[in-house]
Amino acid sequence: GDTMHVTGCHIHDIATTGIYFKGGATNCLVAGCLIVNCGGMGIGVGFDTSTEWFDTQVNPNLYESIDGVAVNNVIRGTTYAGIGIYASLRPLVAHNTVVAAAQEAQSPLFFGVAYHDWEEGAPRPPSKEPQVLNNIFVLARNSSEPMVEIRFNDELEGLSGLEGGAELDGNCYYAPGGQARFVDLRPGQEFEGGFDGWRNHMRSEAASMVVDPMLDQNMRLQPQSPCRDAGIPLGQPPVDRDG
């Protein structure tokens, strides 16, 4: 699926995940899509693929996604992650609006792990060098899940959702009727708590906030929204498009 572009699509009432690109897919783009009511995730930047489908000459570490981009999408209503990042190298997730996510599990922003069908000796890399900028993440109203989770599983000698740090900034997080909670399950880096502690833990999110983004029924920012003109400038396109 290298260089796949999915733009301007309305994807709705999906049994599993709305869109994902995986198996080593490089330079893929999902932009300007409306994704509604997914039984799995809204968008998966990477996921989990059998090892025989990878090009091991260009991708010996078996990253699921390389230089993938999800930008200016609106995602509303997901059973699992709004946006999931799995075994992804240099993903860019920017200017997306994610609402009513993680109704049953995971989190609106989720760093997951790839098992590669339990193939012996498979590298199963964590995601590396992600940029998650200027997004709105709203948890489903009755969900008890965290806003962001970095997964770790002790199977297969340990599987981690993220290697090192992440560039997280300009994001808005909101848990209707509850407290925004953030989780990092990596050994030696464990964290579970509120936003101030999360900022310190990740050493990022300086311009991010936990606040009601005041979206209208069309997923646009109302005039009094604190998210208006509150994103950080990016050094290159894409332009942030309201709604």
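Two strands count as paired if DSSP finds at least two bridges between them. Strands (E, at least two residues) and helices (H or I, at least four) are DSSP runs, numbered from the N terminus. This is a predicted model, in which local features need pLDDT of at least 70, side-chain atom pairs count only at pLDDT 80 or more, and totals for chains, interfaces and linings use all residues. Residues are numbered from 1 along each chain as its sequence is written, and side-chain values use heavy atoms, with hydrogens and water left out.

Seven strands form an open sheet with parallel pairing, in the order 2-6-10-14-18-24-27. At its edges lie strand 2 (10-14) and strand 27 (209-210), each of which pairs on one side only. Within the sheet, strand 6 (residues 34-38) is joined to strand 10 (residues 74-78) by four bridges in the parallel sense. Val36 is placed opposite Arg76 of strand 10.

Strand 14 (residues 97-101) includes Thr97. Thr97 is buried, because its relative accessible area is 10% and buried means under 20%, with exposed over 50% and partly exposed in between (1.4 Å probe, protein chains only). Apart from neighbours within four places in sequence, Thr97 is in contact (heavy atoms within 4.5 Å) with Asn73, Val74, Ile75, Ile136 and Leu215.

The loop between strand 18 (136-139) and strand 19 (148-150) holds Ser143. Ser143 is buried too, at a relative accessible area of 13%. Neighbours within four places in sequence aside, Ser143 is in contact with Ala102 and Gln103. The Ser143 side chain reaches the backbone oxygen of Ala102 at 2.7 Å. From Ser143 to Ser204 the separation is 61 residues in sequence and 25 Å in space, C-alpha to C-alpha.

Terms used
Polar contact = N/O pair within 3.5 Å; in protein donor to acceptor, adjacent residues only side chain to side chain.
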